[in-house]
Number of protein chains: 4
Amino acid sequence: MRSRRVVAVVAALGAVVAAGVTLGQANNWYPSRWGAADQRGAANRIDAAKVLEAKSLITRGTVFQLGHSYESTMPLFGTRHFSLRIPQTYGPMGTNRTMYHDEIVSAEIGQVGTQFDGLGHIGVGDLFYNGNDRNDFSRPDGLTKLGIENVGALVTRGVLIDVAAFKGVARLEGGYEITRADLTGALERQRTEVRAGDVVLVHTGWGALWGVDNAAFGANAPGVGLDGAQYLVDREVVLVGADTWSMEVVPNPDPDLQFPVHQLLIPRNGIYIFENLLTEELARDRVYEFAFFFAPLKLKGASGSPGNPLAIR
Amino acid sequence: MRSRRVVAVVAALGAVVAAGVTLGQANNWYPSRWGAADQRGAANRIDAAKVLEAKSLITRGTVFQLGHSYESTMPLFGTRHFSLRIPQTYGPMGTNRTMYHDEIVSAEIGQVGTQFDGLGHIGVGDLFYNGNDRNDFSRPDGLTKLGIENVGALVTRGVLIDVAAFKGVARLEGGYEITRADLTGALERQRTEVRAGDVVLVHTGWGALWGVDNAAFGANAPGVGLDGAQYLVDREVVLVGADTWSMEVVPNPDPDLQFPVHQLLIPRNGIYIFENLLTEELARDRVYEFAFFFAPLKLKGASGSPGNPLAIR
Amino acid sequence: MRSRRVVAVVAALGAVVAAGVTLGQANNWYPSRWGAADQRGAANRIDAAKVLEAKSLITRGTVFQLGHSYESTMPLFGTRHFSLRIPQTYGPMGTNRTMYHDEIVSAEIGQVGTQFDGLGHIGVGDLFYNGNDRNDFSRPDGLTKLGIENVGALVTRGVLIDVAAFKGVARLEGGYEITRADLTGALERQRTEVRAGDVVLVHTGWGALWGVDNAAFGANAPGVGLDGAQYLVDREVVLVGADTWSMEVVPNPDPDLQFPVHQLLIPRNGIYIFENLLTEELARDRVYEFAFFFAPLKLKGASGSPGNPLAIR
Amino acid sequence: MRSRRVVAVVAALGAVVAAGVTLGQANNWYPSRWGAADQRGAANRIDAAKVLEAKSLITRGTVFQLGHSYESTMPLFGTRHFSLRIPQTYGPMGTNRTMYHDEIVSAEIGQVGTQFDGLGHIGVGDLFYNGNDRNDFSRPDGLTKLGIENVGALVTRGVLIDVAAFKGVARLEGGYEITRADLTGALERQRTEVRAGDVVLVHTGWGALWGVDNAAFGANAPGVGLDGAQYLVDREVVLVGADTWSMEVVPNPDPDLQFPVHQLLIPRNGIYIFENLLTEELARDRVYEFAFFFAPLKLKGASGSPGNPLAIR
């Protein structure tokens with residue numbers, strides 16, 4: 001009688017191999033290359049040299065905000081919610097009559113709207129990054145390992161890959177799988193290269209549906225497929241982001257697979273994902289290289305973080 | 001019979017004048033210098049030149065995270081709360097057995113922990129920045145003016161003023177009022193100058209109580225007083241931050257005044273406040289000048305934002 | 001120059017008179033008949049005799065639950081939300097390996113799903129029950145007057161008025177105004193009378209749309225109109241409930257009026273409203289008289305309460 | 001290699017046997033006596049005859065509310081929270097100027113304050129009532145079995161056992177274990193008997209600490225021990241309540257056991273628990289028999305419910 005844990009691992013590995021991806025480390029994706037105790041994954045790829053490389057890309061002083069507004073009318077996955085309310089104004093206090101507002105927010109705050117997926121977000125069965133079993137670290141009031149507070153600042157070179165432009169469309173179709181060839185073709189067209197320690201953002205044009213046709217936005221999505229993602233893994237990036245809710249193609253061309261690119265990047269390779277980014281202005285201005293700035297909110301024990309990352313040129 | 005609005009304004013002005021601060025624009029603090037329709041206040045002081053000035057301060061590639069962790073055990077003001085829970089793990093999905101975590105957060109999210117105060121946070125009676133009456137813009141599901149989503153990115157030169165070091169202590173006493181003389185003295189000691197468009201962070205040492213003695217941390221605080229704040233207003237800064245929950249001195253030396261420095265900075269001058277910052281490492285490493293990076297979460301209609309701002313050297 | 005308060009009262013009184021309702025106390029709807037300090041309104045009509053009257057209606061021992069399930073998929077008004085999540089299971093603790101679940105709920109909990117409207121819910125402009133001005137009692141962390149905790153137990157005779165059956169339909173049309181004649185006609189058909197201190201529930205059949213066609217359910221509703229409500233006021237009831245989200249007709253036949261029946265009942269007459277009740281089984285079994293049991297959750301300072309009231313026969 | 005599930009069961013059974021309780025069904029506590037598919041447990045003991053028995057106890061028309069107020073300052077277990085905020089007043093709408101308040105509540109709503117523990121609350125390891133494995137029914141947005149919505153109305157005879165009076169004290173000591181002898185002695189003193197299908201409330205006097213010394217209230221508690229609980233199991237009650245946060249004695253005299261009485265009652269015997277009840281008035285008025293009325297809020301998939309149950313005499 002085999003334990004549940006063993007069954008889960010075998011099943012998951014089998015599935016990904018069946019999808020045709022060559023995973024050199026298929027049988028030993030953990031411990032991670034950064035050691036068995038590591039909780040930062042590909043964030044370890046960023047050092048002072050990458051920060052200075054980012055700095056060198058700032059030439060005009062133009063700042064792009066990459067985060068959407070958070071509001072109850074934004075597209076939401078499944079039954080997640082976002083509620084913001086302004087309580088009654090407090091005060092007045094003192095002879096100077098100070099009054100103040102605050103706000104009550106209830107939400108799956110790390111996994112709604114513009115969202116950064118941490119290493120505690122996605123598992124291969126019960127196993128998460130570095131082989132951590134969720135039964136060992138997932139607690140009611142926070143993950144005791146892999147919490148988003150471990151990530152730290154991501155200040156590095158950023159690259160936008162405009163796949164929509166490469167394919168000659170304003171918006172890729174829902175369900176369109178971005179392949180390795182699409183990524184390399186788009187990079188060649190842009191004359192951009194991807195380097196180790198970079199953040200890569202993929203522009204699909206899908207974000208134009210945000211707040212315009214939320215049902216269509218969430219029904220499916222164009223996105224990076226398994227071989228495209230493997231290409232980025234091989235380039236040793238830190239993070240892959242996109243202007244869709246899933247970053248990866250949904251549905252996957254293999255109907256048996258659910259979010260396999262999330263698994264390839266996050267638990268297997270420690271690479272982060274950033275979803276629902278505003279990449280439109282970067283694409284419009286053909287800003288394919290930039291300094292990227294983001295640090296997750298240190299929500300202790302959280303799986304993800306909301307954000308408003310910056311691209312500066 | 002005078003309307004409530006008129007009474008409020010007169011009372012507030014009177015109080016601040018009584019506190020001894022010379023307010024050249026006492027009778028006409030609105031419309032703002034950026035026009036009657038402006039919703040960004042001192043963020044308007046940041047232009048491409050300030051971004052490039054910030055860039056030029058990055059020489060080593062060292063990144064400092066200035067945000068605390070958010071957790072239920074952190075110091076909280078009044079009856080505010082912060083709750084984070086990890087729901088049951090979702091899945092497995094597909095033959096690849098994807099599982100995922102997210103998190104439920106309920107909190108006064110823009111006004112707990114490390115927090116950025118926007119222009120919709122503080123009023124002089126009913127009147128907020130640019131003379132906006134709260135009865136006109138404060139709605140149950142968000143402020144319809146002055147919401148935090150209007151602020152945009154703050155990328156500029158940052159200055160740390162280590163008042164604790166200037167006074168020769170590890171930690172200023174609770175209730176200690178930081179004066180104009182303290183600020184200028186500390187700047188002189190550091191050989192740092194404050195320029196228009198800068199972000200100014202004040203180090204008091206108070207942050208050492210965070211999570212160690214929360215009751216003491218919140219009972220009072222050392223902080224900037226009215227004349228010190230006026231000095232920073234005159235320097236035309238963008239934001240004043242500190243390692244305390246209030247940034248300003250609490251209680252105010254004038255017992256009739258409640259949070260008058262908040263009023264001086266936010267509604268009257270459009271200058272932002274950042275509270276509960278982690279300034280310890282900057283002080284320890286004597287990093288008095290740095291590139292500052294922050295963009296509020298675009299919580300539509302919110303009064304403030306949580307954050308993990310970056311100081312880079 | 002007249003104060004805002006005076007203007008609000010005059011405007012509101014004018015509106016209701018214009019709607020054609022004879023309000024004998026139009027100019028002096030406060031103080032209430034239970035005194036200027038009263039916070040319980042028509043709950044004062046229930047005494048031990050009413051409890052014993054209720055008791056006498058229990059003859060079979062049949063219990064009807066009148067509350068719907070609360071779930072995120074139920075019809076919700078405006079941008080209100082209901083979120084329930086089960087956090088990770090806690091434990092095991094001890095050698096006996098105790099594990100436990102709890103649940104995180106975020107919601108406008110007194111005003112979603114089956115909901116009981118208290119005296120702090122509805123105002124005529126700024127004025128609420130007993131002439132209380134919201135500026136005096138509405139605070140960020142609860143109403144300091146008229147909170148739901150003041151209501152107490154409502155144990156009394158209950159009457160179901162099956163207006164749908166009287167009109168010979170399974171479901172009244174959206175926007176159908178239930179008149180005084182409808183109420184008296186239905187009561188005559190049922191051979192039921194309404195007595196002082198009773199709880200009255202109106203069956204419209206609209207509840208059949210609940211969870212079946214939420215958009216239709218919430219788009220409008222059949223319900224009690226102003227003259228029908230005045231009839232119930234004259235009968236000196238305690239509470240009026242229905243199987244709709246509004247109890248009253250929406251839209252009101254007078255397009256200038258918004259929820260005037262709420263105003264007539266709650267602030268002007270201290271009579272409670274119960275919405276989204278499950279009246280179907282009572283109607284099917286022709287249970288027109290019953291013992292009614294409900295006590296609001298004592299959510300201190302709340303405007304309303306969720307509930308699962310009981311009708312016993 | 002044994003599965004985790006088997007290990008859990010063996011360990012749990014061993015622990016309780018070690019505590020010296022004779023559990024006739026130790027090896028086969030599931031399926032329940034109400035069948036393997038049952039989700040209502042001891043609520044099945046209530047039939048029309050019990051409702052009529054309850055009715056017969058109503059002689060004076062006196063109603064006792066047994067629920068505390070819910071407020072952020074009430075005693076809370078662990079890191080649970082209760083937050084209520086009143087958003088900005090909505091409106092005015094229409095010429096009749098309707099304004100309204102609602103409230104935002106975030107809380108572990110079924111497990112804070114006066115709380116009713118359902119069958120999905122407590123497990124013996126992974127196994128809950130009727131042997132349901134939590135891995136099979138605990139989902140992020142609700143328990144798919146044993147949710148509180150299955151309980152239904154509890155209208156039956158209620159009995160108060162005033163153990164404090166029996167012991168001649170106003171308040172039992174924290175950690176005092178109420179034994180079978182205490183229960184039978186107190187019942188004899190009161191001349192009350194416990195019958196099948198009854199609700200039993202235990203008065204300890206501990207509730208006097210509520211809101212007065214919350215730290216003391218929550219540090220430990222007097223309460224029913226294992227043999228006292230077994231007595232109530234044998235009497236075939238429906239629910240055991242008390243004026244403490246735990247109902248059972250904390251800490252248990254056996255330091256290896258954590259909440260074993262919860263396990264004995266809820267998963268093993270399908271008997272509900274009601275905590276933090278207001279029993280003071282019943283005790284003061286020597287109301288030892290009464291009609292009991294409660295129906296959980298139908299929070300779909302929840303482990304418990306808040307409440308304001310009624311005792312009527």
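Analyst: Here are the terms, each tied to a place in the model.

This is a predicted model, in which local features need pLDDT of at least 70, side-chain atom pairs count only at pLDDT 80 or more, and totals for chains, interfaces and linings use all residues. Residues are numbered from 1 along each chain as its sequence is written, chains are lettered from A and ligands numbered from 1 in the order in which they are written, and side-chain values use heavy atoms, with hydrogens and water left out.

User: Why is Tyr176(A) called partly exposed?

Analyst: Buried means under 20% relative accessible area, exposed means over 50%, and partly exposed is in between (1.4 Å probe, protein chains only). Tyr176(A) has 24%, so it is partly exposed. Its place is the loop between α4 (163-167) and β11 (177-178) of chain A. Helices (H or I, at least four residues) and strands (E, at least two) are DSSP runs, numbered from the N terminus.

User: How do you know that Tyr176(A) makes a polar contact with Lys167(A)?

Analyst: A polar contact is a pair of N or O atoms within 3.5 Å; within protein, one must be able to donate a hydrogen and the other to accept it, and residues adjacent in sequence count only if both atoms are side-chain atoms. The side chains of Tyr176(A) and Lys167(A) make such a contact at 3.2 Å.

User: What makes α5(A) oblique to α7(A)?

Analyst: Two packed helices are described by the angle between their axes and the distance between the axes. Axes are lines fitted to C-alpha atoms, for helices over the stretch in contact, and angles run from 0 to 180 degrees between N-to-C directions. Helix α5 (residues 180-190) and helix α7 (residues 226-234) of chain A pack at about 55 degrees, with axes 7 Å apart. That makes α5(A) oblique to α7(A). Angles under 35 degrees count as roughly parallel, over 145 as roughly antiparallel, 65 to 115 as roughly perpendicular and the rest as oblique.

User: Why is helix α7 of chain B described as largely enclosed?

Analyst: Seven of its nine residues are buried, so the rest of the structure largely encloses α7(B). Among the buried ones are Leu226(B), Tyr231(B) and Val233(B). The cover includes α5 (180-190) and α8 (260-269) of chain B. Just after α7(B), Glu236(B) takes a positive phi of about 65 degrees.

User: Is Arg134(D) buried or exposed?

Analyst: Buried, because its relative accessible area is 14%. Arg134(D) lies in helix α3 (residues 134-137) of chain D. A polar contact of 3.1 Å joins its side chain to that of Thr89(C). Arg134(D) also touches other residues, including Met99(C) and Phe128(D).

User: And why does Thr114(D) count as buried?

Analyst: Its relative accessibility is 0%, so Thr114(D) counts as buried. Thr114(D) sits in the loop between β5 (104-107) and β6 (115-117) of chain D. Its side chain reaches the backbone nitrogen of His68(D) at 2.9 Å.

Conventions
Contact = heavy atoms within 4.5 Å. Lists of a residue's contacts leave out its neighbours within four places in sequence.
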